[in-house]
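Here is a short note for someone opening this model for the first time. Please read it with the structure in view.

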Amino acid sequence: MAVKLVSKDNIEVARRFQVRWLPTIVVTDQNERIHHSWVGFLPPKWFTMELLYGKAQLAFGQKDFKRSIELYDRVVAEYGQAERAPESLYWKGVATYRQTNNFADAIPVFKGIVEKYPSSIWSRKVEALIS
């Protein structure tokens, strides 16, 4: 469900969702736990990407690892050159591990980050894991 609030009229809600600047978009679950947020205006294409990534993070947070993997894959397929792509692969690797409880299953995903996005911070984060 989408909700639009005027922060000055909803100070407590703005505080609860850590709104520091406008616009702030927050993806939460039914218990108001924040799974993803971002600040600032985005063109529709990139706004859609952030929502898709937010849905993946929400599924991950709810331990629906199969669904989160599908959504992370969509982020990479549809926005492969965006900053969220290597991050999505990172979380896909983590979700793969969480789904199977076998770290070896995540290694090919992590190797894909290093191969496809070598200058990414996410590549540096997985280098030690795959060595």
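1. Two strands pair if DSSP finds at least two bridges between them. In this predicted model, strand β1 (residues 24-28) and strand β2 (residues 34-39) run antiparallel and are joined by five bridges. V26 sits opposite S37 of β2. Five residues lie between the strands of this hairpin, and E32 there takes a positive phi near 65°.

2. Next, the core. The largest nonpolar core holds 26 residues. F60, L89, Y90, F110 and I113 have the most contacts inside it. At least two residues of this core come from each of α2 (44-61), α3 (65-78), α4 (84-100), α5 (103-116) and α6 (121-130).

3. Take Y90 from that list. Which residues does Y90 contact, leaving aside neighbours within four places in sequence? They are F110, I113, W122, K125 and V126.

4. Now helix α3. Its 14 residues should span 20 Å at 1.5 Å a residue, and the end C-alpha atoms are 20 Å apart, so the two values agree. The buried residues of α3 are F65, S68, I69, L71, Y72, V75 and V76. Seen down the helix axis, the buried residues of α3 fall within an arc of 165°, so they line one face. The face turned away from that buried side carries the exposed residues K66 and A77. The cover over the buried residues of α3 includes α2, α4 and α5.

5. S68 lies in helix α3. Is S68 buried or exposed? S68 has a relative accessible area of 0%, so it is buried. Not counting residues up to four places away in sequence, S68 touches A56, A59, F60 and A95.

6. Then the rings. The model has 10 aromatic pairs. One of them is W38 with F47, an edge-to-face pair at 5.5 Å centre to centre with 70° between the planes. W38 is buried, at 7% relative accessible area. F47 is partly exposed, at 30%.

7. F103 and F110 form a tilted pair, 6.0 Å centre to centre, with 45° between the planes.

Conventions. Residues numbered from 1 in each chain as written. Predicted model: local features only at pLDDT ≥ 70, side-chain atom pairs only at ≥ 80, totals over all residues. Heavy atoms only, no water. Core = buried A, V, L, I, M, F, W, Y, C linked by side-chain atoms within 4.5 Å. Buried < 20%, exposed > 50% of the residue type's maximum accessible area, 1.4 Å probe, protein only. Helix = DSSP H or I, 4+ residues; strand = E, 2+ residues; numbered from the N terminus. Contact = heavy atoms within 4.5 Å. Expected span 1.5 Å × (residues − 1). Arc of directions from axis to C-beta. Phe/Tyr/Trp six-rings, centres within 6.5 Å; stacked < 30°, edge-to-face > 60°.
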